[in-house]
Amino acid sequence: QVQLVESGGGLVQPGGSLRLSCAASGMTFNSATMNWYRQGSGKQRELVAAITSGGATNYVDSVKGRFIISRDNAKNAVYLQMNSLKPEDTAVYYCNWNPPGLRNYWGRGTQVTVSS
């Protein structure tokens with residue numbers, strides 16, 4: 001049974017940093033492309049960052065230069081380092097695995113609030 005469990009969210013002031021973690025189990029993690037999504041209040045869920053099994057990364061334009069996605073295959077974990085946070089980054093952040101031809105897997109999410 002695939003499980004994705006996020007942690008690390010919280011309240012941070014504008015300009016601050018947070019590091020989100022996602023612990024994965026029940027899957028062959030080291031061969032998986034892993035994603036971070038977010039959904040702000042009243043907004044559609046959007047893909048924020050992705051990392052392939054080989055370590056290639058991709059980011060939505062709004063977070064380029066501020067967020068860094070990384071992975072630790074020994075720990076079955078994926079991370080999202082978020083720097084220079086802005087109020088518009090406020091959202092629930094979700095860890096995701098979407099294997100081709102199979103169902104989409106989601107964590108329960110972790111709330112990130114950027115406010116002074």
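Start with the disulfide: the structure holds one, where the term covers a pair of cysteine sulfur atoms within 2.5 Å. This is a predicted model, in which local features need pLDDT of at least 70, side-chain atom pairs count only at pLDDT 80 or more, and totals for chains, interfaces and linings use all residues. Residues are numbered from 1 along each chain as its sequence is written, and side-chain values use heavy atoms, with hydrogens and water left out.

Select Cys 22 and Cys 95. Their sulfur atoms sit 2.1 Å apart, and the link is left-handed, with -80 degrees about the S-S bond. Cys 22 belongs to strand E3 (residues 18-25) and Cys 95 to strand E9 (residues 91-97), so the pair links distant parts of the chain, 73 residues apart. Helices (H or I, at least four residues) and strands (E, at least two) are DSSP runs, numbered from the N terminus. Both Cys 22 and Cys 95 are buried; that means under 20% relative accessible area, against over 50% for exposed and in between for partly exposed (1.4 Å probe, protein chains only).

Next, colour strand E4 (residues 34-39). Five of its six residues are buried, so E4 is largely enclosed by the rest of the structure.

Now look at the partners of E4; two strands pair if DSSP finds at least two bridges between them. E4 runs antiparallel to E9, joined by six bridges, and antiparallel to strand E5 (residues 46-51), joined by five. Click on Met 34: it stands opposite Ile 51 in E5, and its bridge partner in E9 is Trp 97.

Finish at the hairpin of E4 and E5, with six residues between the strands, where Gly 42 takes a positive phi near 75 degrees.
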